[in-house]
Amino acid sequence: MKCNDGHEMKERRGSTRIDEGGVEITLENVRIFRCKQCDIETPAIPKMEALFREVARTLATKRARLMPQEIRFLRKHLGLSGRDFARKMGVDHTTVSKWEGVENPRDMGPIAERLLRLFVLTEKPVEEYPLEEMASEAPDVSRLQLEHDSKGWHASAA
C-alpha cells in the first residue's frame, strides 16, 4: 500500500482510536499502515457497518446511564433525524436537542432511555452508515474498546 505521496507504507497489527461524534472507540487487532517519510498512520477498518452495530449494541446494553453523545450516536445509528426520533419517542424535537446537548444536557429519564435502548436492540439499523453526520466536536468523550478477530467485532474491556 502507498501513501498519498506515493511512498510505500509498512503494515503492522495494533490498536488505534477513532472518535465518532464524541464516542471514543479503541479498535484492537487492526491493520495499521505507516509511511515513515510522511509520518502518517492509516488504519484499515474492516466491516464498518458491523463495527457500528457492535458499538450500538454495547452502548444499549451498558449498565451506566447514556451520555449525550451516546444518545446522539444511537439516534444516528437508527437512521433517525432529530424530529423523527422525537416523534418516535413521543417528545418535542427540542427535548431531543437537550438530551444530546453536551454543555447542559437534560436527563433523558429512565423510561425514555429504556425505550431508546429497546429500539436499538430490536430495530434494524440503517443500511448505509452516515459517517459524515457522526463527526462533531464534543468536550466530553465516551470510551469503548472493541476488538476484531476471525469472528468479527466484539467489545472488550473499556
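Residues are numbered from 1 along each chain as its sequence is written, and side-chain values use heavy atoms, with hydrogens and water left out. Because the model is predicted, local features need pLDDT of at least 70 and side-chain atom pairs count only at pLDDT 80 or more, while totals for chains, interfaces and linings use all residues.

The protein contains six helices and five strands. Helices are DSSP runs of H or I with at least four residues, strands are runs of E with at least two, and both are numbered from the N terminus. The order from the N terminus is β-β-β-α-α-α-α-α-α-β-β. The protein has 158 residues, of which 41% count as buried. Buried means under 20% relative accessible area, exposed over 50%, and partly exposed in between (1.4 Å probe, protein chains only). Contacts are defined by heavy atoms within 4.5 Å. Among contacts between residues at least 6 apart in sequence, 60% join residues at least 24 apart.

Two packed helices are described by the angle between their axes and the distance between the axes. Helix α2 spans residues 68-78 and helix α5 spans residues 110-122. Their axes come within 10 Å and cross at roughly 40°. That makes α2 oblique to α5. Axes here are lines fitted to C-alpha atoms, for helices over the stretch in contact, and angles run from 0 to 180 degrees between N-to-C directions. Angles under 35 degrees count as roughly parallel, over 145 as roughly antiparallel, 65 to 115 as roughly perpendicular, and the rest as oblique. The crossing of α2 and α5 is left-handed, meaning that the near helix is turned anticlockwise from the far one by less than a right angle. On the α2 side, the contact involves I71, L74, H77 and L78. On the α5 side, it involves L116, F119 and V120. Six residues of this contact are nonpolar, one is polar and none is charged. Ala, Val, Leu, Ile, Met, Phe, Trp, Tyr, Cys and Pro count as nonpolar, Asp, Glu, Lys and Arg as charged, and the others, Gly among them, as polar.

A salt bridge is a side-chain nitrogen of Lys or Arg within 4 Å of a carboxyl oxygen of Asp or Glu. The count by this rule is 15. One of them joins K2 and E8, at 3.8 Å from N to O. Both K2 and E8 are exposed. E123 pairs with K88, with the closest N and O atoms 3.0 Å apart. E123 lies in the loop between α5 and α6 (131-134) and K88 in helix α3 (residues 82-89), so the pair ties together parts 35 residues apart in sequence. E123 is partly exposed at 30% relative accessibility, and K88 is partly exposed at 34%.

E41 forms a salt bridge with R34, the closest N and O atoms being 3.7 Å apart. E41 is partly exposed at 42% relative accessibility, and R34 is partly exposed at 30%. A network of salt bridges links R12, R34, D39 and E41.

D39 also has a positive phi of about 55°, although it is not a glycine. D39 sits in the loop between β2 (23-35) and β3 (40-44), and is exposed at 55% relative accessibility. K47, likewise not a glycine, has a positive phi of about 50°. K47 is placed in the loop between β3 and α1 (48-61). At 60% relative accessibility, K47 is exposed.
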